[in-house]
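Here are my notes on this one, as numbered points. Have the model open while you read.

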Amino acid sequence: MTSATPLFGPLRGLRVDLSSGSFTEEELPSEVRRAVLGGRGLGAWLALRERLHEVEPLAPGNRLILAPGPLTGTGAPASARYSVTARSPLTGTVFDGNSGGSWGVAFRRLGHDYLVVGGACDAPAYLLVSATGVELRPARDLWGLDVPATLDRLRELHPGCQAGVIGPAGERGVAFASIVNNRGRSLGRGGLGAVMGAKRLKAIVVARDGERRPPVADPERLAFVVYEAEKLLKANPITSQALPEFGTSVLVNVLNQAGALPTRNFRDSRFEGARAISGEALRDGYVERRSACRGCSIGCARRTTAGGEHGEGPEYESLWALGADCGVADLTAVVQANYACNRAGLDTITMGATIACAMELTEEGLLPGGPRFGDAAAVLRLAEATGAGEGLGAELAEGSARLAARYGRPELSMSVKGLELPAYDPRGMKAQGLAFATSNRGGCHLRANMLGPEILGVPKMVDRFATLGKAGLLINIQNLNAVLDSLSVCKFTAFAMKEDYYARLLSAVWGEPVEPQELLCAGERIWTLERLFNLAAGFTRADDTLPRRLLEEPVREGPAAGHVVDLPPMLDEYYVSRGWTAEGVPSAVKLARLGLDEGGALVEAAGGLADASPAGTPPARPATGGGAAEERPSP
């Protein structure tokens, strides 16, 4: 191997003030790079440093922090990704979305590590980032266009560009509006598109000016590690067979057979119509071709057709949310509803879960004339109405927590910290319930998915009905996922690769030795930064909970029959394993070990971090649909 020239140094960023139309360049010290890596980690650190927990999510003071990771664009497997961080209008938590596509690669080719966007435009505009700087351009002719039309128009104006855009949902402030990139890749959850819409920012465009690849200290060593990593991906049955053949939709039948496929707003855990909306049915009747993010050999995405329309997806969670969760077994309607969400720029998980909540409210007699379980036409109609802000869609646009609270039944929102749960019933996989409850951004499977150990046996099989003894395994997955989002690398690679490969990839890029344990420590540091943000925003142990249904209502039939989630002892074990107090506050010893104590280099670089103690009067945030948390009035 050739000797490497170290490239480890400060992080270079751009900061834009939409209110004044100005931008500046800035640098962050190398200690920040080493401590939080980039991507999600950098977003969490900046969000806490800039005290975004003190601002209203849709106010000009909220910021969008766009950050690729140190592996983005280097040729590392499945690394064409980036993160966007802000305070979420849906949850009030710190929130980041992580996306594939080519935006992050194009941005890094301009020589930047991150972009911070604050303020708000006086009139609709889009941001153009090029080799010569940043420019605001009017977007009056783009405002009102759906996502595909916006992307097409921007490609006409700026050939070869990469863009992140919002659709009508983001413009209207739908609380779960998404940001969508070229190739149809979405930053889907938490309403980051609504933050853009509140800033009257239609798009963030990266011009095709940067032809150079991001710098790599030791290209020869990197090429060798990439070669080895790709062999692992090709040898693993999940990354070489299941995902390429069926995509994520392969999980419909798997979870249904396990009795962990939430059905009809989590009233059941098996769906009698699962086969009709499964990955096998999608492949046989709707898939046109396989597709992939840039530079990815797995290729889990699908181009599909239904009812004369063509588009991306649906993924497993979308099939579930618009299908089983609503009691709908009409695959054509599910695929078309997915297309409607993609056009408007809507998160399909929250959309489907909010419709399911409305369906139960209807059956309870609280929403006269509302949709009913099994009504496929209603799912498509309401997805379109939500994007357009019409009729009942205007109410659904606030998400299920606010919807259920408005009708006096907050427990019917299947959400944690205001974020709707995805397609895994924790009564059939108990550690997944702990993962949902402790997720820093709300009910989420991407912070940690226990599907591997509890259902698939990866890296090992554990008893999915056991309550205790799994906190350590969950914490390791949470920390590793924080690393992957910060590098930025697709989480699917972790089915085949261990942390030592990510450390070797980063060592080759930086030209500095990085140990696997150092990466996991960085993941824990990032997780703790996010926890500190939420504590400062007023979240407490009471928010680390699950919907009452999952805590008190046993599954009625199937493999998980009779089970509920006994959360309190799991949460106690988790806090102890994290080194937190019984109230979920990181201890002084833990903060010191992570370099987050007063006087630490990372804290000094931030100019001080927010107080970890829960705030006395938190900013307004949505009522939760949880158990204990839903008992107290919303601030």
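This is a predicted model: local features need pLDDT of at least 70, side-chain atom pairs count only at pLDDT 80 or more; totals for chains, interfaces and linings use all residues.

1. Numbering runs from 1 along each chain as its sequence is written, and side-chain values use heavy atoms, with hydrogens and water left out.

2. How much area do domain 2 and domain 3 bury between them? About 1400 Å², 60% of it on carbon and sulfur atoms (buried area being the accessible area, 1.4 Å probe, that two parts lose on being put together, summed over both). On the domain 2 side, Ala258, Phe266 and Arg270 lose the most area to domain 3, together 30% of what that side buries.

3. Now the charges. A salt bridge is counted when a side-chain nitrogen of Lys or Arg lies within 4 Å of a carboxyl oxygen of Asp or Glu. The whole structure has 46 of them, and 3 cross the interface of domain 2 and domain 3. Arg270 also pairs with Glu557 in a salt bridge, with 3.0 Å between the closest N and O atoms.

4. Have a look at helices α20 (residues 499–510) and α21 (residues 516–536) too: they pack at about 95°, axes 8 Å apart. Helices are DSSP runs (H or I, at least four residues), and strands (E, at least two) are too, numbered from the N terminus. Axes are lines fitted to C-alpha atoms, for helices over the stretch in contact, with angles from 0 to 180 degrees between N-to-C directions. α20 and α21 are therefore roughly perpendicular (65 to 115 degrees; under 35 is roughly parallel, over 145 roughly antiparallel, the rest oblique).

5. Who meets whom there? Glu499, Asp500, Tyr502, Ala503 and Leu506 of α20 meet Pro516, Leu519 and Leu520 of α21. That contact divides into 6 nonpolar, no polar and 2 charged residues (Ala, Val, Leu, Ile, Met, Phe, Trp, Tyr, Cys and Pro count as nonpolar; Asp, Glu, Lys and Arg as charged; the others, Gly among them, as polar).

Note on methods. Contact means heavy atoms within 4.5 Å.
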